[in-house]
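User: I would like a close look at a single part of this model. Please set it in its surroundings as well.

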Amino acid sequence: MNDAFIVVGITLAYLGVVLWVGIRARGQHSSSLEGYVAGGRHVGVIILFFILGAEIFSAFAFLGTPGWAYERGAPALYILAYLALVPISIWVLGPRVAKLGRERGYLTQGDMIAHHYRSKPLGMIAGIIGVAAMVPYLTIQIAGAGMLFQAATDGLVPLWLGALLAFIVVAAYVFTSGLKGIGWTNLLQGIMMIVIAWHLGISLSERLYGGVGEMFSQIQESAPEYLTLPGATNMGWGYFSTAILVSAFGGAMWPHLFMKFYSADSGRTLRKVSVFYPLYAYLLVPLLFIGFAGIIVFAEEPLARPDTVLLKLVLDVADYSPWVIGVMLSGALAAAMSTGANLAHTAGIVLVRDVLGPTVMRGASEKTVVSATRWSVVGLSLVAYACALANPSSLVMMLLVAYGLIVQLLPMVMGAVFLPTLRRLSVLAGAMAGSVAYLLMEFVWSSPLGWHSGLWTMLLNVLVVTACQRFIQPAADTTSLAN
Amino acid sequence: MTKTFHLLTGLHFAVCSLAMIWPGALIANRIEPMVLGLPFLFFWYILWMLILFAGMWIAFVVRHGGDRHE
């Protein structure tokens with residue numbers, strides 16, 4: 001009982017520091033919409049690195065990465081591969097998107113799509129897909145924070161209270177400081193997560209096996225199937241490879257990643273961030289160690305839920321002091337909250353600018369829009385909190401659907417950035433065909449050859465776009481905006 | 001210069017991507033030899049992350065080094 005109080009005390013102190021740092025970041029830019037949304041387009045290398053990087057370290061990564069390594073073994077390397085490949089999208093797309101944003105005042109994906117294709121409804125569709133995709137993602141972060149609190153304090157802090165604390169801290173600093181607040185808190189949270197992940201990864205294998213090398217030698221003797229593909233759950237090469245490609249290249253379409261391109265002070269800054277991005281994947285390596293450590297420990301009695309492997313090892317198996325557990329909980333919370341802040345901020349902006357802007361809030365003043373955005377951040381976080389309490393098991397399903405839909409924006413966005421001859425009708429038809437096919441493959445048929453259905457539907461999407469470009473003659477007024 | 005640059009970065013990106021999926025990773029799908037205490041497949045990913053970084057760093061210096069503007 002006493003231990004639980006130490007854990008809670010450390011964690012509350014940490015939450016306090018995050019709140020203080022976030023609110024203090026309120027700078028001179030925060031009164032304008034551009035300042036609140038894109039940090040006035042003057043975010044430098046270090047802060048941008050942590051803003052983009054914190055997206056990686058979500059509650060899902062912190063608990064799910066060890067879970068994958070524990071359950072499947074080598075297929076968990078997929079996480080390293082796709083993270084390492086994400087910077088290719090940033091390198092290629094980033095500078096051009098940042099330039100277009102600066103020149104034409106874009107703040108969202110919808111802005112760019114609506115303007116380029118001269119179609120407000122198309123921008124709205126992009127906005128609606130974006131918000132629908134981000135809310136379940138945000139729900140996972142908030143629910144994750146609550147679960148962490150509950151597990152680490154032995155139930156002293158129940159799920160609803162833990163989730164509420166994390167939600168209040170995040171909403172408070174996103175509300176007051178916008179992107180600047182996210183930047184500074186993510187710098188703090190990033191350092192926290194790195195220290196915790198490495199400390200746990202190394203010390204757990206040290207305590208349980210006497211070192212990382214020794215651990216892998218023992219796994220090689222007793223369960224070698226975990227150390228090579230297709231792993232313990234027999235994941236095929238086709239799925240493994242296509243999942244990496246879809247995550248790495250489709251992932252840049254997530255609004256919270258894409259919109260950060262606009263906030264860079266130059267294309268050079270974005271390129272510099274992308275150069276260091278593969279190194280970010282190294283930070284997940286110790287989390288894989290933790291998962292591998294669980295393979296032998298729980299060989300007799302497998303865990304019902306693989307993503308609890310980190311918590312089980314730290315709390316039940318390795319005998320850590322409550323101080324370490326308190327700091328561990330803070331690090332894991334940091335993962336959930338930094339991603340949550342990013343998502344809430346982005347979802348609020350997209351909702352107001354792309355969906356409400358062209359409809360109910362037409363002609364509103366900038367001041368009204370800023371305040372509507374702030375309240376949307378709070379409102380959407382509340383919705384996510386409510387979903388987290390209801391704890392629908394369909395959440396992962398929702399996220400899956402969202403992912404398939406968001407990836408279908410790729411040809412539309414590529415058209416706006418690089419291919420000015422693509423027409424509105426073609427990209428719309430492509431996106432519709434791709435989305436419908438994705439839903440069919442996820443829920444009705446199984447995906448051909450066992451590949452990731454995102455890849456098949458992306459191919460179909462591109463095929464439909466090409467066919468429309470080739471065979472449908474443009475009417476005079478539907479040509480896209482010439483660059 | 002620009003054309004060669006884009007060709008080389010594109011090639012680098014393609015090689016690194018293929019090394020991490022089928023068929024590149026197929027040749028590394030083994031436990032022995034262990035490197036740095038890691039199974040070979042694990043080490044393979046660690047290695048290619050470094051190669052990707054190194055190539056991008058060189059591309060950055062060539063393209064943007066010294067130049068403070070775009």
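What covers the buried residues of helix 6 of chain A?

Analyst: First, the ground rules. This is a predicted model, so local features need pLDDT of at least 70 and side-chain atom pairs count only at pLDDT 80 or more, while totals for chains, interfaces and linings use all residues. Residues are numbered from 1 along each chain as its sequence is written, and chains are lettered from A and ligands numbered from 1 in the order in which they are written.

Now the cover. It includes helix 5 (77-104), helix 7 (120-152), helix 11 (255-258), helix 15 and helix 18 (410-417) of chain A. Helices here are DSSP runs of H or I with at least four residues, strands are runs of E with at least two, and both are numbered from the N terminus.

Helix 6 of chain A spans residues 109-116. Seven of its eight residues are buried, so helix 6 is largely enclosed by the rest of the structure. The buried residues are A:Q109, A:G110, A:D111, A:M112, A:I113, A:A114 and A:H116. Buried means that 20 or more other C-beta atoms lie within 10 Å of the residue's own; exposed means 12 or fewer, partly exposed is in between, and C-beta atoms are placed from the backbone. Just after helix 6 of chain A, A:R118 takes a positive phi of about 50 degrees.

Take helix 18 of chain A next. A:M414 sits in this helix. A:M414 is partly exposed, with 17 other C-beta atoms within 10 Å. Between A:M414 and A:L93 lie 321 residues in sequence, yet 8.4 Å in space, C-alpha to C-alpha.

Helix 15 of chain A covers residues 322-356. Its axis comes within 7 Å of the axis of helix 8 (residues 159-209) of chain A, and the two cross at roughly 140 degrees. That makes the pair oblique: angles under 35 degrees count as roughly parallel, over 145 as roughly antiparallel, 65 to 115 as roughly perpendicular and the rest as oblique. Axes are lines fitted to C-alpha atoms over the stretch in contact, with angles from 0 to 180 degrees between N-to-C directions. The crossing of helix 8 with helix 15 of chain A is left-handed, that is, the near helix is turned anticlockwise from the far one by less than a right angle. Their contact residues divide into 20 nonpolar, 10 polar and no charged. Ala, Val, Leu, Ile, Met, Phe, Trp, Tyr, Cys and Pro count as nonpolar, Asp, Glu, Lys and Arg as charged, and the others, Gly among them, as polar.

Step back to the whole of chain A. It has 20 helices and zero strands. Its radius of gyration is 22 Å, close to the 23 Å of the globule rule for 483 residues, so chain A is as compact as a globular protein of that length. The radius is taken over C-alpha atoms, and the rule is 2.2 Å times the number of residues to the power 0.38. Buried residues make up 58% of chain A. Among its contacts between residues at least 6 apart in sequence, 83% join residues at least 24 apart. A contact needs C-beta atoms, placed from the backbone, within 7 Å.

Chain B has two helices and zero strands. Buried residues make up 26% of chain B. Where the chains touch, 23 residues come from chain B and 33 from chain A. Helix 2 of chain B gives the most to its side, with 10 residues.

How values were computed
Two residues are in contact if their C-beta atoms, placed from the backbone, lie within 7 Å.
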